[in-house]
Amino acid sequence: MKYRTQSIAYVYFACAMALFAVQMIGGLTIGWIYVQPNFLSELLPFHIARMIHTNALIVWLLLGFFGAAFFMVPEESEREIWSPALAYAQLAILMVGTLGAVAGYLVGIHEGREFLEQPLWVKFGILVAAVMFLLNISMTVLSGRKTAITGVLLTGLWLLSLLWIFAIINPDNLSLDKLYWWFVVHLWVEATWELVMASILAFLLLKLTGVDREVIEKWLYVIVATALFTGILGTGHHYYWIGLPGYWQWIGTIFGTLEIIPFFLMMSFAFIMVWKGRRNHPNKAALLWSLGSATIAFFGAGVWGVLHNMHGVNFYSHGTQITAAHGHLAFYGAYVAINLAIITYAMPILKGREPYNQVINMGAFWLMTGGMAFMTFTLTFAGVIQTHMQRVLGDYFMQVQDELGLFYIMRFVAGTAVVLGAFLFIYAIFVVRRREIVEPGSANPAPPVSHSMPGE
């Protein structure tokens, strides 16, 4: 580590991985409920298990983003974190809020809004934690060197925190409720989170490839501009059927389709930087996760999103398994994989070791990615059949679900592979068998040799 306070990231990554494990177990559980609908029906009903699965996903991704910021900002700003105590207090609030929300779900206490089911006190706690984080990181950046990476990272984190206010507002009017709901859900994952993803990807490629900072920053600015330009108006592809004016059908269709551009640019950016790179960095697993994230995000968020966000198609396909296929691959590629990439890069440095367990780590990548790809194709085919039977032929919902049983079995098999890959990744990151790097005459592990180059 170059800076002592980068160690804060270790605790955030550890908590993130604990919730990652919970999310995986929850996902596998509800995958089996699709196969055997009465499984745990009285002890853990489907809607409660799904809340735990989706909420654990969101919180661990946020913890990963926060941990990435605490790792990246000191190096970029050439300053220690402004207040380590504030960082640990923020983490405590988030973890207490998460555990409180889950405990509430298990006894039926929730607000019922998908992804935003948290009780009001938990929502306020998250907002307080976000304000603490923004103060801490902003003060660090403002007192040190300013770079495009920290600028984009801060913009994304400020915007996603401000948008959380709409999660607290819960109007009685259903159309207005859904409008505010999409302000959070869409403008997080298809606008502000893209900025965070792009900044983390830029940092990783800067470290892993050795390409000049100026080149990376130019790409980053273009990606950010297209992400915000398409993402904000692209929110309209969720406004088709919630009672808003009809002109949103064309605005949503056009700009929703253009949302593929920033993901294509990120994928091109990643491969071009590796091609131009002049550094043979030892952490091959981090490079694999970085390239994999950009590629899978393009297909999951970009291609599969475009498949059904045009209003003429969405009229038939919304709310089917096609949506589930898009959602799973998009989240995995854009945000799960980029978090696992920065964790793979940072953990050897935080532990004071050379990159370790890389074969196991890369095996986890291919197992998770292969499982997620198979799940996506399975759900896509299931969604096409569901759309035709339910929305075109007019068959009853439960009758159609019975016909999709084989697809749900295949989805469960794919989910099992993803879960095995996730636990293999956690093992590769936290269980180290290789000896520590010790400087002569020192009883403590020394940081690995820095791979930084002038201009970084």
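Student: What are the ground rules here?
Tutor: This is a predicted model, in which local features need pLDDT of at least 70 and side-chain atom pairs count only at pLDDT 80 or more, while totals for chains, interfaces and linings use all residues. Residues are numbered from 1 along each chain as its sequence is written, and side-chain values use heavy atoms, with hydrogens and water left out.

Student: What about the chain average, and where does pLDDT stay under 50?
Tutor: The mean pLDDT of the chain is 92, and 95% of its residues reach 70 or more. pLDDT stays under 50 over residues 436–456. For that stretch the model has 39 contacts (heavy atoms within 4.5 Å) beyond four places in sequence.

Student: How many helices and strands are there?
Tutor: The chain has 16 helices and 0 strands.

Student: What share of the residues is buried?
Tutor: Of the 456 residues, 57% count as buried. Buried means under 20% relative accessible area, exposed over 50%, and partly exposed in between (1.4 Å probe, protein chains only).

Student: New topic. How many aromatic pairs does a search find?
Tutor: A search of the whole structure finds 36. Rings of Phe, Tyr and Trp (its six-membered ring) pair if their centres lie within 6.5 Å; planes under 30 degrees apart count as stacked, over 60 as edge-to-face and the rest as tilted.

Student: Why is the pair of Phe331 and Tyr335 edge-to-face?
Tutor: Their planes are at 65°, so the pair is edge-to-face, and the ring centres are 6.1 Å apart. Both residues lie in helix α13 (residues 321–350), 4 residues apart, about one turn of the helix.

Student: Which residues do ring pairs link into a cluster?
Tutor: Phe65, Trp164, Trp188, Trp193, Phe331 and Tyr335.

Student: Which charges sit over rings?
Tutor: The charged end of Lys178 sits over the ring of Trp181, 4.0 Å from its centre. Arg411 lies over the face of Tyr34, at 4.3 Å from the ring centre. The test is NZ of Lys or CZ of Arg within 6 Å of the ring centre and within 35 degrees of the ring normal.

Student: Last one: where is Leu40, and what is its phi?
Tutor: Leu40 is in the loop between α1 (8–35) and α2 (46–77), and its phi is positive, about 55°. Most residues other than glycine have a negative phi. Phe115 also has a positive phi, near 70°, and is found in the loop between α3 (84–106) and α4 (120–142).

Notes: pLDDT is the predictor's confidence in each residue, from 0 to 100. Helices (H or I, at least four residues) and strands (E, at least two) are DSSP runs, numbered from the N terminus.
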